[in-house]
Amino acid sequence: MIVADRYDPHAIEPKWQARWEADKLYRAPDDDPRPKWYELAMFPYPSGDLHTGHWYHYSGADAHARYMRMQGYNVLYPMGFDAFGLPAENAAIKHGADPAAWTKTNIENFRRQFKMMGSSFDWDREVVTSDPDYYKWTQWWFLQLYNRGLAYRAAAAANWCPGCQTVLANEQVVGGRCERSDDVVERRFLTQWFFRLTAYADELLEFKGIEWPERIRAMQTNWIGRSEGALLRFPVEVDGAVEQLAVFTTRPDTVYGATFMVIAPEHALVDRITTPGQRDAVDAYREAASRQTEIERMSTEKEKTGVFTGGYATNPFNGARVPIWIADYVLVTYGTGAIMAVPAHDQRDFEFATKYALDAIPVFTHPDVDITRPLAAAFSDGLAMVNSGPFDGTPAAEAKARVTAHAEANGIGEGTVNYRVRDWLISRQRYWGAPIPMIHCPEHAIVPVPESDLPVRLPENVTFEPTGQSPLTLIDEWVNVPCPIDGGPARRETDTLDTFMCSSWYQMRYVDPHNPERPFSQALAHKWLPVDQYSGGADHAVMHLLYTRFFWKAARDMGLVEGDEPMLRLFNQGTLLGPDGQKMSKSRGNVVAPDGEVAKHGADAFRCQLMFVGPWDQGGPYNPTGMAGIVRWLHRAWSLVTDHVSFVTAPDSEGARDLRRATHKTIREVSEDAEQFRFNTLISRLMEHSSLMQRARDAGAVDRGAWKEALDATILMMAPLAPHIAEELWARAGNRYSVHVAPWPSFDPALARDEQVEVVLQVNGKVRDRLLLPAEATEADAREAALASPRVQEWLQGKEIRRFIYVPGKLLNLVVS
RNA sequence: GCCGAAGUGGCGGAAUGGCAGACGCGGCGGUCUCAAACACCGCUGGGCUCAAACCCAUGUGGGUUCGAAUCCCACCUUCGGCACCA
């Protein structure tokens, strides 16, 4: 132990990585009596290198997994690769690479870098979503959802990304642009495959029994956008017959104020109600609307425009004749694509009515509004109904219910709930994804591929020319198959599945990753699921994190998993910024390369420095010069083990008691920090304790027992964040391999308690003096000591003490006149 | 506009009703050294031209409280999300 060699991360890190791998130290056995803990970090898309953001995420997740392992849990902490997706295919288009080979190379690189960072994954459970053994089951899931009516094919307005040459789900459109390529998305009417996400919309709002950040829950809740209202039917005369124009409204109580109707330019009724005189204007408006991008059309700054169709509807409540307009502020994709416009009580309708000189009829009274005069703006709240026939005088609080009840009683409409969220569009016109296991037969329409024929393998030797159609359509020998029902000529579905489907169930596959018979066994699912702790970026709030909840609920209803939610606790790490406080990007030149930092200081130092930046959920700027402090600390910890210490045996000495108190306090605080992912303060407490130990050592002989306790505790508490140096020091301190399966140190509250406490003396809330009192001192003792303090006495001159406020062991406030 | 998070030294941050600025970086001074450092020690919010004492200070303005960075109200700023959703 006297070997005073210096801390050299490059000597010890590869050594222990090899040892851990050879020993399968981090394997999670299925047959283990300890309580289970499923720690999951979102798996990466394997592109290029593990970047600093990956390190930031996985350093924290790994530290928590290690902490739980030391707490005595049988920790399942797996890793895999979300390997289907566009970058591989784009590399194929650009450089002629084979997507499978390109992906394989990247995965190997990622795996190497994961090992270099000293992560504690159970690699025996690795899954790769582009592997046929995995996507066989992704296809299987599709068939199960199809069989349960949760997958269907339909024509709808879809988001088309011209850059990616495929449709996208709504969740993948951010501000009118493609989430991946940033191209402006176009709207196309296409027949596509969907998952019936809306079937679970209400349950997805519940978040039953899970601890997820408020931010994510709010984003999902807003995205789902539940609104209660009513569906009302307005009769319309079309070609001599009466049809119903259905509108969704959250304000059925304003129906008497409906002075016109607005339907989306794409609404199916437009052609049939347009009168010959309005035909040219309507056609021109529709043409113009169709040419707009989603971004242009979504702009709220834009002045509202529209055209009268010449058609009229009848208000079913009062028989009023109501003109029907088309306008692009009404979206064909929401509600029924048609609204009743109530200018008096809806600002958008008010603006439209003002522009086109349409009437506004107030149907509520309002204390601040004179409704007998023309309105300056719409007002949404009111006191009681007015201008509403038999409903006049109805208080606002009862208005909606009464109007809705009337509609239902008369067959005019009914109360309903509408959602902003739409079904999940899952088909993609791309190659590098799991083929949708369906066959189109001229005789039998759509026929599922029999489960025994799975997987439907991706063909090789494909030409990757972006045509707007899946490259699979060009491969005749793949496309042409016999119909599973009658063996007649049929064609495969050529679209592939959205890669978010692969990641919707991967946490299930980890529990039984090599099962050739089923996606996973019930027994193992029951043992390991759900995930106890999940971590990943908040950018997946309404994509992956919503989809996997939907998927789980469907799986639950199939009897495959138990419980209502897939991940009990979620933690979102923040975004690590460049040293300049800006988002890291090549163009800004502020990218921190992990390999460089590791080459300079080692993986342990880099991990610690990343976690020392600030609270993990907050992210923040990376400080490369701050690395010096971490490196200094690691050297100090090293020297505590390797430098000479003079020992005595004096367990009752003040020095021994002080050291033990510091050790036990540190254990208490570090444990709390580890539970709550507060790695920055965890490190600062360990730094403080290392410095204290060093001072104790340099001050003279220390008690052998107290020193050994302090040293072992320090090494154990370093292990989650700095696994290599901890393992090395653990061995050098004469302990048994491995520190990473050693029990986390426990603290003794009696030993952590202070013998003396410093009590702050305040006069009228201002600090005037401090006292050192025995920990067991009473309030009376504190008062007596305070009154004896000369400093306090000065401030009491000529004053009368009115009150004493005493916070035991902390503070005494004297309130004076 | 709506929803969410946040504003504290030169910098990252700590303290969530009780000593504001832990820990670290940077800076200043010193020790060791031929010289240095990833070594060690000390100082480091502002004012009062040393110090002590005192005063001021946690985005701004009010309030609650014996006591507020922390709770409440109003406002300003920044970041993230949604955005004509009827």
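Residues are numbered from 1 along each chain as its sequence is written, while chains are lettered from A and ligands numbered from 1 in the order in which they are written. Since the model is predicted, local features need pLDDT of at least 70, side-chain atom pairs count only at pLDDT 80 or more, and totals for chains, interfaces and linings use all residues; side-chain values use heavy atoms, with hydrogens and water left out.

Chain A is split into domain 1 (138–222 + 423–499), domain 2 (226–419) and domain 3 (756–816), with bounds that come from an automatic or database domain assignment. Taken over C-alpha atoms, the centres of domain 1 and domain 3 sit 72 Å apart.

Next, the sheet. Helices (H or I, at least four residues) and strands (E, at least two) are DSSP runs, numbered from the N terminus, and two strands pair if DSSP finds at least two bridges between them. Four strands line up as β4-β3-β7-β15 in an open sheet with antiparallel pairing. The edges go to β4 (166–168) and β15 (424–425); each has a single partner strand, so one side of each has no neighbour in the sheet. For β15, two bridges link the strand to β7 (residues 186–195) in the antiparallel sense, and F194 has L425 of β15 as its bridge partner. Helix α5 (residues 132–147) packs on this sheet and touches β3 (151–161) and β7, where contact means heavy atoms within 4.5 Å. The direction of α5 makes about 90° with that of β7; axes here are lines fitted to C-alpha atoms, for helices over the stretch in contact, and angles run from 0 to 180 degrees between N-to-C directions.

One loop runs between β18 (445–448) and α13 (476–479) and contains P455, which is joined to L454 by a cis peptide bond with omega near 0°. N461 lies in that loop between β18 and α13 too, and has a positive phi of about 50° despite not being a glycine. With a relative accessible area of 79%, N461 is exposed (buried means under 20% relative accessible area, exposed over 50%, partly exposed in between, with a 1.4 Å probe and protein chains only).

Another cis peptide bond runs from L529 to P530, with omega near -5°; P530 is in the loop between α16 (522–528) and β22 (531–536). Finally, K24, in the loop between α1 (9–23) and β1 (36–41), is a non-glycine residue with a positive phi, near 50°. K24 counts as partly exposed because its relative accessibility is 45%.
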